[in-house]
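Dear colleague,

I am handing over the structure below, and my notes on what was found in it follow. Please read them beside the coordinates.

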Amino acid sequence: MFSFEFFPPKTEDGVDNLFDRIERMVAYSPAFCDITWGAGGTTADLSLEIANRMQNMVCVETMMHLTCTNMPLSSIDHALSTINSNGIHNVLALRGDPPHGQDKFVQVKHIRAKYGDYFGICVAGYPEGHPEIDAGGEVIITQLFYDTDIFLKFVTDCRQIGITCPIIPGIMPINSYKAFIRMTGFCKTKIPPEVMAALEPIKDNDEAVKAYGVQLATDMCRKILATGMRAIHLYTLNMEKSALAILTNLGLVEESKFPRSLPWRRPTNVFRATESVRPIFWYFLRPRSHEKRFLEEWVVPLKNLEDIYEKFAKFCLGKTRSSPWSELDGLQPETKIINEQLGNINMKGFLTINSQPAVNGAKSETSYVGWGEAGGYVYQKAYLEFFCSPASLTALINKCKAFSCLSYMAVNREGVWISNMKNTDVNAVTWGVFPTKEIVQPTIVDPLTFMVWKDEAFELWSRGWANLYPESDPSRKLLEEVKNSHYLVSLVDNDYVHGGLFALFRDT
């Protein structure tokens with residue numbers, strides 16, 4: 001088992017870059033990720049925002065730091081209430097040094113008294129010496145160290161005095177000589193003589209220092225894991241290469257394999273963690289993460305409908321990475337299979353916000369479309385969801401009459417409904433067959449949920465895009481006209497063997 005720690009960047013671009021990194025690292029399935037919290041709550045709001053996004057958008061089990069030094073109980077209660085409402089239930093309660101004149105650490109007991117067992121509480125361990133905390137912590141993660149024997153003695157000492165909870169070593173790879181000296185000095189970390197002897201000759205060669213740091217951390221972890229311990233926690237310093245290199249050396253990850261238990265990342269929000277089936281148009285939208293990028297890519301003068309078509313097409317072709325209808329940064333990998341076709345139909349005014357290609361019995365290990373257990377096969381029907389004008393919808397429906405394998409639903413903002421499906425129909429559009437398992441059916445299309453989603457989908461024309469322009473701006477007026485006139489359409493090709501969904505759009 002392994003886990004990653006990140007810290008809040010100082011700039012908006014830094015936050016964007018961090019989430020690019022987190023997305024890549026979470027593909028390796030860490031047990032959890034945690035986000036730090038500045039002393040006295042200096043990064044409180046940003047830490048809470050990042051934790052929320054990690055849990056609910058990146059969908060990785062998230063632990064929230066809570067540095068309790070100089071923190072009034074009211075501030076702690078606000079933080080706990082916030083993460084509670086966002087489905088986060090893991091807290092790393094850090095003591096730090098108590099304020100002058102105080103020698104008690106009451107905050108962990110306060111969390112237990114107020115929330116009972118709802119929160120899993122982790123505390124910090126100090127192999128090189130620090131007053132113990134014994135107030136209800138369930139897991140210990142240690143501060144950084146570079147002498148493995150000191151850590152192992154710390155574990156032994158803890159066990160001898162009756163501390164039985166899991167103890168996870170905190171490993172910080174050396175990425176820079178100057179940063180290493182600064183950090184170990186600040187934390188008063190003991191540096192073994194052999195480490196300094198190895199670093200001194202290469203201290204001005206950053207690549208050599210990083211390579212040594214990876215090897216040192218790998219050797220430390222191997223020694224720790226050889227004792228029977230099964231977990232390590234990596235202080236990433238918001239960098240990925242060293243952390244992933246260590247895990248690769250240890251055989252804990254394989255860079256070529258990104259197993260997905262489902263075709264979508266399973267939610268870790270405690271209120272949604274049991275989901276195994278979801279409508280394909282189920283969106284869990286949160287405040288947009290890449291606000292600056294979105295403003296640059298979408299909030300530009302729009303003279304006519306063709307300018308809007310071009311925005312949608314560019315996103316589908318990977319030329320832009322943000323969208324008013326998605327909280328994700330960029331396209332899902334499987335979209336690359338059909339992105340050119342998507343670009344073409346968007347330029348014709350079929351403004352896609354969701355899609356999937358047809359898959360007929362691909363191995364579960366297949367790149368882009370594979371998911372589930374090894375040795376299985378996965379299937380999916382081609383699917384499109386888009387906005388279009390009434391005239392385009394009429395032409396499309398006329399063509400659908402010649403294709404009995406097509407199922408469609410369309411609704412406008414006012415609720416006018418057009419469909420060849422019954423209200424009670426449920427159409428499985430993704431499923432998998434795996435050894436010794438029942439068929440897994442994680443994604444469906446159904447009219448009832450589509451009608452629930454349509455209100456949000458139309459509202460995003462205003463809230464997610466038009467409202468970002470001044471009230472009198474012609475671009476805003478144009479977007480509102482599209483919102484009020486267009487239909488939202490869901491289209492499924494039920495012939496996943498011989499179907500050709502995009503043929504429907506030729507000459508349309």
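Just after helix α12, Gly349 takes a positive phi of about 100°, in what is a predicted model, where local features need pLDDT of at least 70, side-chain atom pairs count only at pLDDT 80 or more, and totals for chains, interfaces and linings use all residues. Residues are numbered from 1 along each chain as its sequence is written, and side-chain values use heavy atoms, with hydrogens and water left out. Helices (H or I, at least four residues) and strands (E, at least two) are DSSP runs numbered from the N terminus. Helix α12 itself covers residues 339-347, and Asn339, Leu342, Gly343, Ile345 and Asn346 are buried in it, where buried means under 20% relative accessible area, exposed over 50% and partly exposed in between, with a 1.4 Å probe and protein chains only. The buried residues of α12 pack against α11 (305-316), β11 (351-356) and β14 (382-388), a contact being heavy atoms within 4.5 Å.

On the α1 side, Val15, Leu18, Phe19, Ile22, Glu23 and Val26 take part, and they meet Leu46, Ile50, Arg53, Met54 and Val58 in α2.

Leu234 lies in strand β9 (residues 232-235) and is buried, with a relative accessible area of 0%. Leaving aside residues up to four places away in sequence, Leu234 touches Ser3, Phe4, Glu5, Ile171, Ala243, Ile246 and Leu247, while its C-alpha atom is separated by 9.6 Å from that of Leu244, ten residues apart along the chain.

For the protein chain as a whole, the secondary structure comes to 15 helices and 19 strands, and buried residues make up 52% of the 508 residues.

As to confidence, pLDDT is the predictor's confidence in each residue, from 0 to 100; its mean for the protein chain is 87, and 88% of the residues reach 70 or more. Where pLDDT is low, the predicted coordinates should not be read in detail.
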